[in-house]
Amino acid sequence: MALGAGAARPLPHLPAGGCLPLRLLLLLLLLCGQLGGGQKKKENLLAEKVEQLMEWSSRRSVIRMNGDKFRRFVKAPPRNYSVVVMFTALQPQRQCSVCRQANEEYQVLANSWRYSSAFSNKLFFTIVDYDEGADVFQQLNMNSAPTFMHFPPKGKPKRADTFDLQRIGFAAEQLAKWIADRTDVHIRVFRPPNYSGTIALALLVSLVGGLLYLRRNNLEFIYNKTGWAMAALCVVFAMTSGQMWNHIRGPPYAHKNPQNGQVSYIHGSSQAQFVAESHIILLLNAAITMGMVLLNEAATSKGDVGKRRSELYFIAKIMLGQLEDTVKLQVNI
């Protein structure tokens, strides 16, 4: 029997897959909520890390770290800041004089950054001492100190992120140049005032002025050729031995191998030198010059010919030995 026009009709059945788009929408919303929560958690963690580092930096320019702090603030993500780490051994029983000298320059650099107008939370200076973070040294397969490394905001450190201490030295200015190359952060180094040079110059001028005043009636010593020659030789020895390079680069006096304790006074590279090395060169140059003077005196002096010949032979033999040692040393350098 046909239904009337006003009678209700049954709804058609939905296909079995009709709820699939709805399920996909719910799944996408759930995933977006989880991703948003994870991102928010990362942002909160990053903010906490930066806030903690800024608090530590406000107390001291160089942040001391142990193994746990290093892994949390330097190695573990998230990070949006660079970290410069000095790995060192400052305890007295380690007998690392180079570490103490490098630490002084590192403190100067960190203070220059901390109290500059460009200071921000994009760069932090930290230090890891071997006696406080031996596990960090083992983790990085590091067996020498001091060592400077830069840890970028993203990714692992590259080869250039390790400072070439042996070739460049550890002067604060050189460290600042290296940091500028790795982070684009330019630090102007400000050193604390040092009046020792000014005082020494004033004492020297006073001494020379007093000597000239006392000898004002007899100033013939000013025209003494031997005195001026000795002064000129001192300047020549200082310049040819590398004293100016030492003053600019600030190399260590010598290097002690932490594994076997052997002390090296001659640098293994032709691009660098130790302070002791320049002292050795200075002494050899002075000995050769003295030999030349004695050789000239023996040749021009009046006396027995046989005796003069023996003196010349003896002095020449010594000078040849000194020249040979100097050449060998320069070849090793």
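The legends below describe close-up views of a predicted model. Residues are numbered from 1 along each chain as its sequence is written. Local features need pLDDT of at least 70 and side-chain atom pairs count only at pLDDT 80 or more, while totals for chains, interfaces and linings use all residues, and side-chain values use heavy atoms, without hydrogens and water.

View 1. A search of the whole structure finds 1 cavity of 30 Å³ or more, a cavity being a set of points on a 1 Å grid over the protein atoms alone where a 1.4 Å probe fits but cannot get out. About 40 Å³ of space lies in the largest cavity, the volume being the space filled by probe spheres set on the points. Its lining (residues with an atom within 4 Å of a point) consists of S57, S61, A110, W113, R114, F119, L123, F124 and F125. The elements that give two or more residues to this lining are α3 (97–114) and β3 (123–129), where helices (H or I, at least four residues) and strands (E, at least two) are DSSP runs. The lining residues divide into 6 nonpolar, 2 polar and 1 charged.

**View 2. A nonpolar surface patch.** L201, L204, V205, V208, L211, L212, L219, F221, I222, Y223 and W228 make a nonpolar patch of about 1100 Å²; such patches hold residues with over 30% relative accessible area and no salt bridge, their nonpolar side chains joined within 5 Å. Helix α7 (residues 196–214) provides the largest share, 6 residues. Y223, found in the loop between α7 and α8 (225–240), is exposed at a relative accessible area of 68% (buried means under 20%, exposed over 50%, partly exposed in between, with a 1.4 Å probe and protein chains only).

**View 3. The salt bridge of R94 and D131.** The side chains of R94 and D131 meet at 2.7 Å, N to O, in a salt bridge (a side-chain nitrogen of Lys or Arg within 4 Å of a carboxyl oxygen of Asp or Glu). Because R94 lies in the loop between β2 (82–88) and α3 and D131 in the loop between β3 and α4 (134–139), the pair ties together parts that are 37 residues apart in sequence. R94 is partly exposed at 39% relative accessibility, as is D131 at 33%.

**View 4. The salt bridge of D161 and R182.** D161 and R182 form a salt bridge at 2.9 Å, N to O. D161 lies in the loop between β4 (147–151) and α5 (165–168) and R182 in helix α6 (residues 172–183), 21 residues apart. D161 is buried, with a relative accessible area of 2%, whereas R182 is partly exposed at 30%.

Terms used
On a 1 Å grid over the protein atoms alone, a cavity is a set of points where a 1.4 Å probe fits but cannot get out, and a pocket is an open set with protein on both sides within 12 Å along at least five of seven lines; lining residues have an atom within 4 Å of a point. Ala, Val, Leu, Ile, Met, Phe, Trp, Tyr, Cys and Pro count as nonpolar, Asp, Glu, Lys and Arg as charged, and the others, Gly among them, as polar. Patches are made of residues with over 30% relative accessible area and no salt bridge: like charges are joined within 9 Å, nonpolar side chains (Val, Leu, Ile, Met, Phe, Trp, Tyr) within 5 Å. Accessible areas come from the Shrake-Rupley method with a 1.4 Å probe; for residues, only the protein chains shown count as cover.
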